[in-house]
Amino acid sequence: MSKIKKGDDVVVISGKDKGKRGTVLRVMKPDLVVVEGVNRLKKHQRPNPNKGDTGGIVELDSPIQVSNIAIYNPTTRKADRIGFKAVEGKGKARCFRSNGELIDA
């Protein structure tokens with residue numbers, strides 16, 4: 001079971017975008033995720049008349065290491081670590097380490 005999933009609200013805890021918050025757009029590998037508005041890069045794109053693409057400079061969200069992000073806890077309004085709890089009927093569920101509140105309620 002993965003600790004970070006698509007749609008999670010996360011905070012960057014290290015690197016050039018430290019302190020920024022965003023939503024996980026996709027999980028690429030077990031250790032790489034793409035976060036909305038974080039680790040943006042500019043790509044020079046050629047025009048492609050077959051696809052209808054105009055050329056120019058395009059900003060893209062590039063992947064970031066999972067070790068550089070932490071899940072955002074809305075009750076404490078801080079970054080938090082993720083733990084697992086046994087829940088009756090569901091099995092394991094993710095929870096915040098600081099207050100034990102379930103994430104996937």
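**Note on the predicted model**

1. The charged end of R21 sits over the ring of Y72, 3.7 Å from its centre. The criterion requires NZ of Lys or CZ of Arg within 6 Å of the ring centre and within 35 degrees of the ring normal.

2. The model is predicted: local features need pLDDT of at least 70, side-chain atom pairs count only at pLDDT 80 or more, and totals for chains, interfaces and linings use all residues. Residues are numbered from 1 along each chain as its sequence is written, and side-chain values use heavy atoms, with hydrogens and water left out.

3. The largest nonpolar core has twelve residues, among them I4, V38, I64 and F96. Strands β1 (9-12), β3 (32-35) and β7 (69-73) each supply at least two residues of this core. A nonpolar core here is a set of buried Ala, Val, Leu, Ile, Met, Phe, Trp, Tyr and Cys residues joined through side-chain atoms within 4.5 Å; buried means under 20% relative accessible area (1.4 Å probe, protein chains only).

4. Leaving aside neighbours within four places in sequence, V38 is in contact (heavy atoms within 4.5 Å) with V12, D17, K20, D61, S62 and I64.

5. Strands β9 (residues 82-87) and β10 (residues 91-96) pair in the antiparallel sense over six bridges; pairing requires at least two DSSP bridges, and strands are DSSP runs (E, at least two residues) numbered from the N terminus. K92 of β10 is the bridge partner of A86. Three residues lie between the strands of this hairpin, where G89 takes a positive phi near 85°.

Methods
Buried means under 20% relative accessible area, exposed over 50%, partly exposed in between (1.4 Å probe, protein chains only). Helices (H or I, at least four residues) and strands (E, at least two) are DSSP runs, numbered from the N terminus.
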